[in-house]
Amino acid sequence: MEFERRLAGKRVIITCGPGGVGKTTLAAAIGLELARRGERVAVLTIDPARRLATSLHLAEESASEPTPVALPDEANAAPTGSLHALMLDPKSTFDRLVERYATSQEQYEKIINNKFYRTFSGAVGGTQEFIAMERLYELLEEGRWDRIVLDTPPTVHALDFLDAPQRLIHVVDRSVFRWLAKPYLLTGKASIQVLSFGSAYIFKTLTTFIGGRMLQDLSEYVNNFKGMFDGFKQRAEAVESLLHAPDTLFLIVSSWQPNSLIEARKFYRDLARKRMPFGAFVINRVLDPPRPPLELERLTQSLETEEFENVEYPEDLPEKLLKEYDNWNRLAARQRSNLQAFFAEFPFKPPAILAPILDRDIADVPTLLVFASRLFGR
C-alpha cells in the first residue's frame, strides 16, 4: 500500500542507481502492476537480462518500438489496462532528433550519411543518458500512455544521468562545434590567415596531428548542423524541465550490500541538490526478518510426524536443515544491520520500500507478476 501511495499521480517513474541492483526488473514489475490495474503503461528499458527480454518480447528487431506484452490470465487485469515495452535504440532516437531540427531533407541526409556521424552523434547528443531522456520525451509527446516507466542506464555516477541535458546545453552555448567548423566556412586555403592568431595556431596544430583531410571532413560534418543548434538547445531545456516536473518521480534502487548503499546515498544527495522529485529508496532482494532459533531436537521430531512417515531421508538431514536455517537467519540479521546503519545516517526517516527476494529467478511474466504482488503488498 505504501508503494502504491508513493506512485499516485506520477506520470513518469524513473528507476535509477548503480548497475546490478535490479532496476530493470523493478521497472517491469511496476509497469505490469499498473497495467493490471487498468492503466496504459509503457516501460522503456536499457539492457534487460536475456530471459526477461524474451519474456517481454524484446528479443526482436522491433524492440526499439513499443511492443505489447501479453498479461497472464492470473493477472485479472482490468479491460482498459495494457503494457508495452521497448528497448533504447540510441542511433534511431538521435536520427529522429536530427530529422526534427534539420532545416531541409538535404541537410538531414548529409548528416545521417556522414562517416563521422556514428562517432560524433554521441558527443553532440551528450551521452546515452541524454538519449534515454530524449526517448522518454518522445513517448510523452505521443500522448498514448497513462504512465511511463524509465529504466535508466547503469551508472556509478548519478551526474552522468542527471546532467545529460545540461551537458548538451553547455556544449551548444560554448560553440565548440561552431568554432571547429569556422575555418572551412571561409573560402580558400588562405582562410586560416584571416582567423585570430590563437584560432589559426590551434587549427594548424590539430591539422598536424590528425591530418588536414580528416579535419576538413570533420569540419564539414559539423557545419552540416548549421541552423540546428538552437533547436537542440531548446530540446535539452525541455528534457531538463521534465526531470523537475511534479508528476515525475525518481526511485533509487539499491541492494542491501554496503557498496550499493553508499552509491544510493550519493544518488540521493545529487537528487536533493538538484531539487529533483525523490520518491523512495527501493532496497532489492531483501529476506524476511530473522526467525526465532530452532533446536535440533525439535526439528528432528517434526520429521518424525505422520506427514513424513513414508519419506526416506538421510540421517544427517536434520543437521543440514538446521545449518541452512541458521545461515539464513545470520544473513537476514546482517541485511537488517546494514539497512539500519544506512537509514540512521539520515536526519529524517526517508521513505523506503523493501523488495522481496524470490525463491526463483524472475525470468518470465508470471514470476514478474508474483514479484509485483509482493512489492505492492497485495
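Trainee: What is the relative accessible area of Arg285?
Mentor: In this predicted model, Arg285 is found in strand S7, where strands (E, at least two residues) and helices (H or I, at least four) are DSSP runs numbered from the N terminus. Buried means under 20% relative accessible area, exposed over 50% and partly exposed in between (1.4 Å probe, protein chains only). Arg285 therefore counts as partly exposed, its relative accessible area being 36%.

Trainee: What is the phi of Arg285?
Mentor: Arg285 is not a glycine, yet its phi is positive. The value is about 60°.

Trainee: And Arg275: is it buried or exposed?
Mentor: Arg275 is found in the loop between helix H14 (258-273) and strand S7 (278-286). Another non-glycine with a positive phi, it has a value of about 55°. Its relative accessible area is 73%, so Arg275 is exposed.

Trainee: Before we go on, how are residues numbered?
Mentor: Residue numbers start from 1 along each chain as its sequence is written, and side-chain values use heavy atoms, without hydrogens or water. Local features need pLDDT of at least 70 and side-chain atom pairs 80 or more, while totals for chains, interfaces and linings use all residues.

Trainee: What percentage of the residues of the protein count as buried?
Mentor: The protein has 17 helices and eight strands. Of its 378 residues, the share that counts as buried is 49%.

Trainee: How do the axes of H2 and H17 cross, and at what angle?
Mentor: Helix H2 covers residues 23-36 and helix H17 residues 365-375, and their axes come within 9 Å. Axes are lines fitted to C-alpha atoms over the stretch in contact, with angles from 0 to 180 degrees between N-to-C directions. Angles under 35 degrees count as roughly parallel, over 145 as roughly antiparallel, 65 to 115 as roughly perpendicular and the rest as oblique. H2 is therefore roughly perpendicular to H17, the axes crossing at roughly 85°.

Trainee: Which residues of H17 make the contact?
Mentor: Contact means heavy atoms within 4.5 Å. From H2 come Thr25, Leu26, Ala28, Ala29, Leu32, Glu33 and Arg36. Their partners in H17 are Val365, Leu368, Leu369, Phe371, Ala372 and Leu375.

Trainee: How are the rings of Phe278 and Phe281 arranged, stacked or edge-to-face?
Mentor: Rings of Phe, Tyr and Trp (its six-membered ring) pair if their centres lie within 6.5 Å; planes under 30 degrees apart count as stacked, over 60 as edge-to-face and the rest as tilted. The search of the whole structure gives 12 such aromatic pairs. Phe278 and Phe281 have ring centres 5.1 Å apart and planes at 65°, so the pair is edge-to-face.

Trainee: What is the angle between the planes of Phe342 and Phe346?
Mentor: Phe342 is buried at 2% relative accessibility, and Phe346 is buried at 11%. Their ring centres are 5.4 Å apart, and the pair is edge-to-face because the planes stand at 75°.

Trainee: Which residues form one aromatic cluster?
Mentor: Both pairs belong to it, and Phe281 is a buried member with a relative accessible area of 0%. The cluster is formed by Tyr268, Phe278, Phe281, Phe342, Phe343, Phe346 and Phe348.

Trainee: How far apart in space are Glu240 and Phe130?
Mentor: Glu240 lies in helix H13 (residues 229-244) and is buried, with a relative accessible area of 15%. In sequence, Glu240 and Phe130 are 110 residues apart. In space, C-alpha to C-alpha, they are separated by 9.7 Å.
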